[in-house]
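Dear colleague,

Please find below the structure that I am handing over to you.

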Amino acid sequence: MATEASLAPASPTSPASPGRPIPELDPAVVARWQAGGGELVELLTQVREQLGGVAAVRLGAKPTVLVTDPQAVQHVLAQHPDRYVKRSHRARVLIGDGVLSATGDAWKRQRRLLQAQFTGTGMRRWEERITAAARTTAERWADYAHTGQQFDLGEEMRRFALDSIWRALTGHPLDDATERELATVGTVVSALPTLPAGVIDAREAVAAELARIDAVAERATAAARQGAGPDGAGLLHVLLDAATERPEYTDRLIRDELVTLLLAGHETTATTLTWLYLLLDSHPAAREQALAAGPADSPQRREAVQALVHETLRLYPSAWLLPRYATADDTLAGYAIAADTDVLVCPYLTHRDPELWPEPEHFDPRRFTTPGNRPTSTGSYLPFGLGPRACLGLQFALRESTVLLEHLLPAHTVTFHAIPAKAAYSITVRPDGPTPVTLG
Ligand code: HEM
């Protein structure tokens with residue numbers, strides 16, 4: 001018998017409704033872009049500017065759909081994550097079947113185990129460790145200031161973010177030897193775009209680097225099996241405990257989760273903090289305003305510092321492209337999407353859409369402190385993604401960034417001795433070059 005629901009016309013987002021053909025960027029524009037060796041971000045910007053928030057561009061044999069409109073972003077990431085899934089992640093060569101690249105039921109189980117560690121009381125366990133990592137960095141900066149030594153700000157931020165996540169994982173502070181070995185993670189990530197397509201061939205190409213990373217993971221796991229670290233148990237102990245009851249937590253999967261959390265948990269935060277200092281270099285008043293918002297440790301100061309982080313993430317969301325793959329025919333914003341279509345959600349372009357964010361290129365942290373100064377729709381600001389696959393470490397990242405800045409901002413002004421001329425748009429968007437500084 002027909003029900004009221006089945007008699008209703010198909011909703012505009014129902015997969016059954018046909019949808020209009022999706023507008024596509026003129027292939028001549030793509031050909032010119034290819035001939036000029038331009039950046040992908042430049043081409044995608046043209047797609048958005050010429051055709052709007054849901055539009056296609058032919059990067060290979062088939063059109064890829066670029067999604068920047070907030071409602072469409074929500075449709076893809078939050079409302080229908082079952083129709084738009086992650087394809088095998090490029091970083092699988094490094095992170096294997098860790099939670100970032102896992103799919104289906106395996107992902108659900110892995111996510112559930114870790115989620116509890118990154119929210120509420122789970123998260124509170126890491127706060128002291130984050131503060132200890134911030135203090136260590138602050139002490140190093142006090143020495144740099146005292147001696148006038150020049151150092152690389154990006155490297156310092158990387159070291160801090162790695163120390164924070166290493167302490168949460170193992171219960172130990174990061175030592176110099178482990179830090180040196182873990183620089184290999186960055187080497188593999190930089191090589192990813194140039195590696196052969198198959199995972200096996202790609203692994204072979206970076207076999208020596210992977211062996212060094214595996215050795216660090218093995219040492220840390222062996223130490224965790226002996227008991228908690230000086231700061232207590234860590235995420236690694238949670239994974240080892242899970243293995244006693246759940247056969248899927250093999251030594252390999254524990255290694256994959258460890259490397260996933262190391263990778264996801266440091267590169268993004270380090271890049272954000274580096275961009276933040278670069279932005280403050282051209283907007284010094286923003287630092288003064290944040291410090292004037294309230295006394296140290298006051299909620300006003302914390303909110304103002306957090307707004308610096310949010311405004312940085314608006315301009316430079318480190319995960320600037322979120323690739324998905326349509327598993328079935330769908331209708332998106334009234335357009336027909338065929339099964340097997342590659343979809344690119346692009347927080348970077350959504351965050352720079354002038355219809356959502358007036359004067360989008362302008363760095364203005366007050367967007368995040370003054371009510372009514374930012375668009376309210378969920379899909380208009382998504383540096384941590386949206387929906388069930390949103391960032392697991394959101395609270396961790398915000399906490400570590402704010403705590404570090406609360407230590408460093410009042411104590412030092414930073415003078416850059418070189419500024420990277422441009423951004424590198426790879427898996428993350430990062431400053432393309434060294435960032436030598438001295439402290440005032
Ligand atoms: C400013 C810092 C960070 C940014 C901008 C960021 C951004 C993101 C984004 C956009 C995603 C979703 C990717 C997608 O939908 O395709 C993601 C996922 C993830 N992030 Fe973060 N992240 C940050 C820090 C962290 C930290 C500190 C951790 C760990 C401690 C972490 C762990 C993860 C994990 C495990 C996932 C995969 C979640 C899943 O697929 O279920 N992230 N992150």
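This is a predicted model: local features need pLDDT of at least 70, side-chain atom pairs count only at pLDDT 80 or more; totals for chains, interfaces and linings use all residues.

Ligand surroundings

The ligand is surrounded by 28 residues, and the closest are Trp107, Arg111, Arg324, Arg389 and Cys391. In arginine 324, a polar side-chain atom lies 2.7 Å from an oxygen atom of the ligand. In tryptophan 107, the corresponding distance from a polar side-chain atom to an oxygen atom of the ligand is 2.8 Å. Alanine 264 takes part through its backbone: an N or O atom there lies 3.4 Å from a nitrogen atom of the ligand. Two or more residues of the shell come from each of helix H6 (104-115), helix H14 (267-282), strand S5 (322-326) and helix H18 (394-408). Sorted by class, the shell comprises 16 nonpolar, 7 polar and 5 charged residues.

Helices H9 and H11

Helix H9 (residues 176-191) packs against helix H11 (residues 207-226) at an angle of about 135°, and their axes are 9 Å apart. The two helices are therefore oblique to each other. The crossing of H9 past H11 is left-handed. On the H9 side, the contact is formed by Thr178, Arg180, Glu181, Leu182, Thr184, Val185, Thr187 and Val188, which meet Glu209, Arg212, Ile213, Val216 and Arg219 of H11. By class, the residues of this contact are 5 nonpolar, 3 polar and 5 charged.

With kind regards

Note on methods:
Residues are numbered from 1 along each chain as its sequence is written. Side-chain values use heavy atoms; hydrogens and water are left out. A residue is near a molecule or strand if one of its heavy atoms lies within 4 Å of it. A polar contact is a pair of N or O atoms within 3.5 Å; within protein, one must be able to donate a hydrogen and the other to accept it, and residues adjacent in sequence count only if both atoms are side-chain atoms. Helices (H or I, at least four residues) and strands (E, at least two) are DSSP runs, numbered from the N terminus. Ala, Val, Leu, Ile, Met, Phe, Trp, Tyr, Cys and Pro count as nonpolar, Asp, Glu, Lys and Arg as charged, and the others, Gly among them, as polar. Axes are lines fitted to C-alpha atoms, for helices over the stretch in contact, and angles run from 0 to 180 degrees between N-to-C directions. Angles under 35 degrees count as roughly parallel, over 145 as roughly antiparallel, 65 to 115 as roughly perpendicular and the rest as oblique. A crossing is left-handed if the near helix is turned anticlockwise from the far one by less than a right angle, and right-handed if clockwise. Contact means heavy atoms within 4.5 Å.
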